[in-house]
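This report looks at side-chain pairs and helix packing. The sequence and the structure come first.

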Amino acid sequence: MGLDVIIPREFREKYKKILGNEAKKFFEYCEKPLRKSIRVNTLKIDYDKIVARLEPYGIEPLKFYEYGFYINLEKPGNTLEYFMGYYYVQEVASMVPVLIMDVEKNSLVLDLCASPGSKSTQISQHMENTGTLIANDVSYHRLKLLRNNLERMGCVNAIVINKDGRFLPFRETFDYVLVDAPCSSEGVVRKDWKALSSWSQRLVISKSILQKQLIASAIKACKKGGVIVYSTCTLSPEENEEVIDFALKRFDVSVERIRIKSFKSREGIVKYGDKRYDSEVRKCMRIWPQDNDTEGFFVVRLRKHG
Amino acid sequence: MDREYILNHLKERYGIPEEVFREYEFLVRGRKIWIYRKGLWVPRGKLESIGMIALRIGKQLKPTTNFIQMFGKYASKNVVEITSEEDMKRFVNGKDIYLSISGRGYVFVKYKDDFLGCGFLRDGVILNLIPNDRRIKID
């Protein structure tokens, strides 16, 4: 399967403009299969015990996150440890949003777009099953998967609700809000070859509109002094920096610069075509596939002031 | 059905001490009994789930796979241990297990240190009660 088949011409042109000479490397990584990775679940088993049990499969710890491992199994969902909920199959870059959320125990947390639950289960784990996690998803059909995953991982501090994230009834309620927004999914092409088959610039723009509504709702739901983490598995500035630029203009929030040791990320893009975004968006984290051999991701941590 | 009834059932049938659930609440809704962490902030409006389903109400109370995986380690009664790896693989794949043991009713099925889930013991057979979407094939 050649590049022309997998990657739409419009997409290639867009990323040639953004990345210049590096675009070729980016496209090469888009074609490379991902290494399988997991997050061990300390809600159901001690860390040392699960690591010892997984070692015979061949695991390699992530340098930046103690719970994350590469695993040398073609089907990591076919082990006794998976059945027991001792780990969650999760892509490496997707572990970053909850890591930078840095949630405290006994907090009140909202996961606005929670299904299938990789980050919700990770939040519960970081909270050590204390406090309250409200896991919301707009799609009723996706709730079953979310509930199954929360229960399989032993998350007894979670409540699942089914609301349109744009119109939540919460005002200044939560200590932390995660918006892992629905997106054009450009970053997951390494996991799902069809991810770009429905890609178009029109899709990017429509997602951007939705994302701005979602982040506005998230900010309203967050307490003053609270934290909002916004993430997508896509790389288009329209769905990332532009959404944060919108939030900075409309709300009293600031961007907190986060850097993760032993994990490469790049600054947010300030100039894009004829657009100029707030210079604060530089503090966002752009995770390119070619930097850490992961999916593409975008993550930012906002602090609400007013 | 109240907390006392549920705690008494778990103690009488499985030998789980009441103290294990000191930090947990139970909620009965329809034929489901949910368990969740005490002190949870509950929003107004419809909830799709709260914590996890612990037991299902029928002729007897049937414990769920997820509940057994979390709390099975505290049980001292009606625990059936599978000793062969082959039986473990069959059980997590949804197959019944044939053992020469007597008794009748719901049991916690254990393999080494892991509490796998729920079975119904009848005439020396552990009828498999692992939900379809939890079953896996271990190679």
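## Salt bridges

A:Asp175 is partly exposed, with 23% relative accessible area. The model is predicted. A:Lys223 is likewise partly exposed, at 33% relative accessibility. A:Asp175 and A:Lys223 form a salt bridge, and their closest N and O atoms are 2.9 Å apart. This pair links distant parts of the chain. A:Asp175 belongs to strand S8 (residues 174-180) of chain A, and A:Lys223 to strand S9 (residues 222-232) of chain A.

Side chains of opposite charge can pair when their charged atoms come close. Over all chains, the search of the whole structure finds 28 salt bridges.

| Salt bridge | N to O distance |
|---|---|
| A:Asp175 and A:Lys223 | 2.9 Å |
| A:Arg266 and A:Asp291 | 2.7 Å |
| B:Glu85 and B:Lys89 | 3.6 Å |

What parts does the pair of A:Arg266 and A:Asp291 tie together? A:Arg266 lies in the loop between strand S10 (253-256) and strand S11 (271-272) of chain A. A:Asp291 lies in helix H11 (residues 289-292) of chain A, so the pair ties together parts that are 25 residues apart in sequence. A:Asp291 is buried, because its relative accessible area is 15% and the cut-off for buried is under 20%. The pair also belongs to a network of salt bridges, which links A:Glu22, A:Lys264, A:Arg266 and A:Asp291.

B:Glu85 and B:Lys89 both sit in helix H3 (residues 85-92) of chain B. They are four residues apart, so about one helical turn separates them. B:Glu85 is partly exposed, with a relative accessible area of 45%.

## Aromatic pairs

A pair of aromatic rings is described by the distance of the centres and the angle of the planes. The count comes to 24 aromatic pairs over all chains. One of them joins A:Phe11 and A:Tyr15: the centres are 4.7 Å apart, with 40 degrees between the planes, and the pair is tilted. Both residues lie in helix H2 (residues 9-19) of chain A. They are four residues apart, about one turn of the helix.

A second pair is A:Tyr47 with A:Phe69. Its ring centres are 6.4 Å apart and its planes stand at 40 degrees, so this pair is tilted. The pair links distant parts of the chain, 22 residues apart. A:Tyr47 is in helix H4 (residues 47-54) of chain A, and A:Phe69 is in strand S3 (residues 68-71) of chain A. A:Tyr47 counts as partly exposed, at 27% relative accessibility. A:Phe69 counts as buried, at 3%.

Ring pairs also build a cluster. Its members are A:Phe11, A:Tyr15, A:Phe26, A:Phe27, A:Trp199 and A:Trp288.

## Charges over rings

In chain A, A:Arg152 lies over the face of A:Tyr82, 4.2 Å from the ring centre. In chain B, the charged end of B:Arg37 sits over the ring of B:Tyr24, at 5.8 Å from its centre.

## Helices of chain A

How do H2(A) and helix H3 (residues 23-31) of chain A cross? Their axes come within 9 Å and cross at roughly 130 degrees. H2(A) and H3(A) are therefore oblique to each other. On the H2(A) side, the contact is made by A:Phe11, A:Arg12, A:Tyr15, A:Lys16 and A:Leu19. On the H3(A) side, A:Ala23, A:Phe26 and A:Phe27 take part.

A:Lys14 is also found in helix H2 of chain A. At 8% relative accessibility, A:Lys14 counts as buried. Neighbours within four places in sequence aside, A:Lys14 is in contact with A:Glu186, A:Trp199, A:Gln201, A:Val204, A:Ser236, A:Pro237, A:Glu238 and A:Tyr272.

Helix H7 (residues 118-126) of chain A is mostly covered. Nine of its nine residues are buried. Among them are A:Lys119, A:Gln122, A:Ile123 and A:His126. Just after H7(A), A:Glu128 takes a positive phi of about 55 degrees.

Note on methods
Residues are numbered from 1 along each chain as its sequence is written. Chains are lettered from A and ligands numbered from 1 in the order in which they are written. This is a predicted model: local features need pLDDT of at least 70, side-chain atom pairs count only at pLDDT 80 or more; totals for chains, interfaces and linings use all residues. Side-chain values use heavy atoms; hydrogens and water are left out. Rings of Phe, Tyr and Trp (its six-membered ring) pair if their centres lie within 6.5 Å; planes under 30 degrees apart count as stacked, over 60 as edge-to-face and the rest as tilted. Helices (H or I, at least four residues) and strands (E, at least two) are DSSP runs, numbered from the N terminus. Buried means under 20% relative accessible area, exposed over 50%, partly exposed in between (1.4 Å probe, protein chains only). A charge sits over a ring if NZ of Lys or CZ of Arg is within 6 Å of the ring centre and within 35 degrees of the ring normal. A salt bridge is a side-chain nitrogen of Lys or Arg within 4 Å of a carboxyl oxygen of Asp or Glu. Axes are lines fitted to C-alpha atoms, for helices over the stretch in contact, and angles run from 0 to 180 degrees between N-to-C directions. Angles under 35 degrees count as roughly parallel, over 145 as roughly antiparallel, 65 to 115 as roughly perpendicular and the rest as oblique. Contact means heavy atoms within 4.5 Å.
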